[in-house]
Amino acid sequence: MSKKIILTEKDMPKAWYNIQADLPKPLPPVIHPGTGKPIGPDDLAPLFPMSLIMQEVSQERWIDIPEPIQDVYKIWRPSPLVRAERWEKALDTPAKIYFKWEGQSPPGSHKPNTSVAQAFFNKEAGVKRITTETGAGQWGSALAFACNLFNIECKVYMVRISYDQKPYRRLMMETWGAKCIPSPSTETAAGQAILAENPDSPGSLGIAISEAVEEAAKRDDTKYALGSVLNHVMLHQTVLGLETKKQMEIAGDYPDIIIGCAGGGSNFAGLMLPFARDKIVDGKKIKILGVEPCACPTMTRGLYRYDFGDTACTTPLLKMHTLGHAFIPAPIHAGGLRYHGMAPIICHLLELGIIEAEAYHQNACFDAAISFSRAEGHIMAPETSHAVKAAMDAALECKKTGESKVILFNASGHGHFDMSSYQKYFENALEDYEYPEEELKKALKTLPNIDA
Ligand SMILES: *Cc1c(COP(=O)(O)O)cnc(C)c1O
C-alpha cells in the first residue's frame with residue numbers, strides 16, 4: 001500500500017529559496033566572451049527582462065512568488081510526495097523510498113515551475129514574443145503552456161531529429177498556440193551556416209539555442225527563455241523541494257539520500273537545494289546524488305571550465321562541467337539529458353563536495369523504470385528513469401546491509417510521449433553508448449581559453 005502525502009493550497013510556498021545566500025563560496029562570475037571580463041546586468045538585457053536578470057545575481061535568501069504565478073501553480077500544485085511502499089516490497093528492501101511526483105502538470109514534467117514564472121516576468125516587462133529551443137519537446141511544451149496563459153507569442157526551435165520523431169510534443173505546443181519549427185532552420189544566420197555545411201543535419205540543443213538567441217537579440221519585441229542551467233531557473237524549481245520538505249515533515253522522516261536526474265540540472269536542483277541548505281548551514285548528513293547518462297557524462301567526465309552555452313558561441317561564458325560546446329550526443333532516448341554543459345550552481349556544489357554524481361547506461365535505467373511501473377503504476381520519462389535506477393541501487397544496497405535508509409528521488413515527468421523508446425527497449429533494440437575518450441578530447445579542445 002503506497003502512501004500519498006498531500007499538502008493543501010494554503011501550505012504552498014510563498015517564496016522561492018535562493019542557495020546563493022548560503023553558499024560557503026560565491027559562484028564564479030559569468031564572463032563576456034569578447035572582453036574576458038565579468039558581464040553586468042545590461043549585457044543580458046537584450047535577452048531577458050531585468051527582473052529575471054536580478055534574480056540571476058540575487059544574494060537574497062527568499063524571493064517572493066508573485067500571486068499570479070501562485071494562481072497558475074495551483075492548476076497542478078502542490079504535487080504529491082509518495083512513499084513507494086509497493087515498490088519497497090517488490091524490491092524486498094528495508095529502505096523507505098519516497099518520490100516527488102512532478103508528472104501531473106499539464107505539460108507532464110517539472111518544467112512549468114519555471115516556464116510559468118518566466119512568462120509572468122516577461123509579461124510584466126511588456127514583452128510580446130518569446131523564443132526558445134527544445135530537444136525532446138518537454139521544455140517547448142512547458143513554455144507554450146505558460147505563454148498561452150499570459151498571452152505572449154511563443155516560437156520554439158525544435159531539434160530536427162525530435163521534430164521528426166516526436167510529432168505529439170509538437171502538436172501539444174500547437175494546441176497551446178505556439179509556433180514550432182525544426183532546427184537548424186533557414187530563419188537565422190546560425191541555422192543557415194549549419195545547413196550550408198550539412199543540409200541533413202539532425203540538429204542539436206546547442207544549435208537550437210543559437211537560433212533562438214539570435215532571433216531574440218535582433219528583435220526589440222522578443223526575449224529568450226531557457227528551461228534549465230541558469231540560476232533563476234534553479235530558483236523557480238525550488239518550489240518543488242520546499243513542498244517536499246514540508247511533506248517529509250508530515251511523514252515524520254528526513255532523507256539520507258536525495259536523488260535527481262540531471263540534464264541541465266533544474267529538477268535535481270529544485271528538489272535538493274532546500275536540503276543542501278541543511279547540509280551547509282546545519283551540518284546535516286545527506287548524500288545528494290545527481291544522475292546522468294553515460295552517453296552524455298557532463299559531471300562525471302567533463303572538465304570544470306568556462307564554456308559557451310551554445311554551438312555558435314554566442315552566449316556568455318559559464319563556468320561549468322562541460323563536454324565542449326561542439327559536443328553532439330549519441331541518440332539516447334533521454335532527450336532532456338543530452339546537453340553538453342550543466343548548471344553552474346550544480347557544478348559549484350559538486351566542486352565543493354556538497355553533492356555527488358554518477359552515470360548510468362540507458363538499458364539499466366529502463367530496467368529500473370519498469371520495475372517501478374509494475375509496482376507503483378506511473379510510467380516514467382526516460383530522463384526520470386535515471387533517478388529511478390539510482391534509487392533502486394540505493395534500496396538494493398540497503399537490502400544487503402540491512403539498513404533502513406530514507407531514499408528520496410524526484411520523479412521529474414511521465415513518459416506518455418516516449419513509448420516508442422519503451423518499444424525499442426522491449427524489442428531489445430536499445431544501444432548503450434559509452435562516450436568515446438577520443439571524441440571527448442576533440443570536443444574539449446574547442447573550449448575558450450579563459451580561466452578566471
Ligand atoms: C527536461 C527534463 C529533464 C532534464 O532537465 P533538468 O533541467 O536537468 O531537470 C529531466 N526530466 C524531465 C521529465 C524533463 O522534462
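Tutor: We will take salt bridges, then a pair of strands, the ligand site and a surface patch. Keep in mind that this is a predicted model.

Student: What is the general idea behind a salt bridge, and how many are found in the whole structure?

Tutor: Side chains of opposite charge can pair when their charged atoms come close. A search of the whole structure finds 27 salt bridges. In one of them, the side chains of Lys155 and Glu215 meet at 2.9 Å, N to O. Lys155 belongs to strand 7 and Glu215 to helix 10, so the pair ties together parts that are 60 residues apart in sequence.

Student: Where do Glu439 and Lys442 sit relative to each other?

Tutor: They are three residues apart in helix 18, so about one helical turn separates them. Glu439 is partly exposed at 34%, while Lys442 is exposed at 54% relative accessibility.

Student: Which residues form a salt bridge of 3.8 Å?

Tutor: Arg301 and Glu434 do, through their side chains. This pair links distant parts of the chain, with Arg301 in helix 13 and Glu434 in the loop between helix 17 and helix 18, 133 residues apart.

Student: Now the strands. How do strand 12 and strand 13 pair?

Tutor: In a regular strand the side chains alternate between the two faces of the sheet. Here, strand 12 (residues 303-308) and strand 13 pair in the antiparallel sense over six bridges. Tyr306 stands opposite Lys319 of strand 13.

Student: Why is strand 13 described as largely enclosed?

Tutor: Six of the six residues of strand 13 (residues 317-322) are buried, so the rest of the structure largely encloses the strand.

Student: What surrounds the ligand?

Tutor: There are 19 residues around the ligand, and the closest include Lys111 and Ser228. An N or O atom in the side chain of Ser266 is 2.7 Å from an oxygen atom of the ligand. The protein buries 98% of the 380 Å² that the ligand exposes when taken alone.

Student: Which residues make the nonpolar surface patch?

Tutor: Met50, Met54 and Val57 make a patch of about 250 Å². Met50 is found in helix 2 and is partly exposed, with a relative accessible area of 35%.

Notes:
Residues numbered from 1 in each chain as written. Predicted model: local features only at pLDDT ≥ 70, side-chain atom pairs only at ≥ 80, totals over all residues. Heavy atoms only, no water. Patch = residues over 30% accessible without salt bridge, like charges linked within 9 Å, V, L, I, M, F, W, Y side chains within 5 Å. Areas by Shrake-Rupley, 256 points an atom, 1.4 Å probe, with all protein chains shown as cover. Salt bridge = Lys/Arg side-chain N within 4 Å of Asp/Glu carboxyl O. Helix = DSSP H or I, 4+ residues; strand = E, 2+ residues; numbered from the N terminus. Buried < 20%, exposed > 50% of the residue type's maximum accessible area, 1.4 Å probe, protein only. Near = heavy atom within 4 Å. Polar contact = N/O pair within 3.5 Å; in protein donor to acceptor, adjacent residues only side chain to side chain. Pairing = 2+ DSSP bridges.
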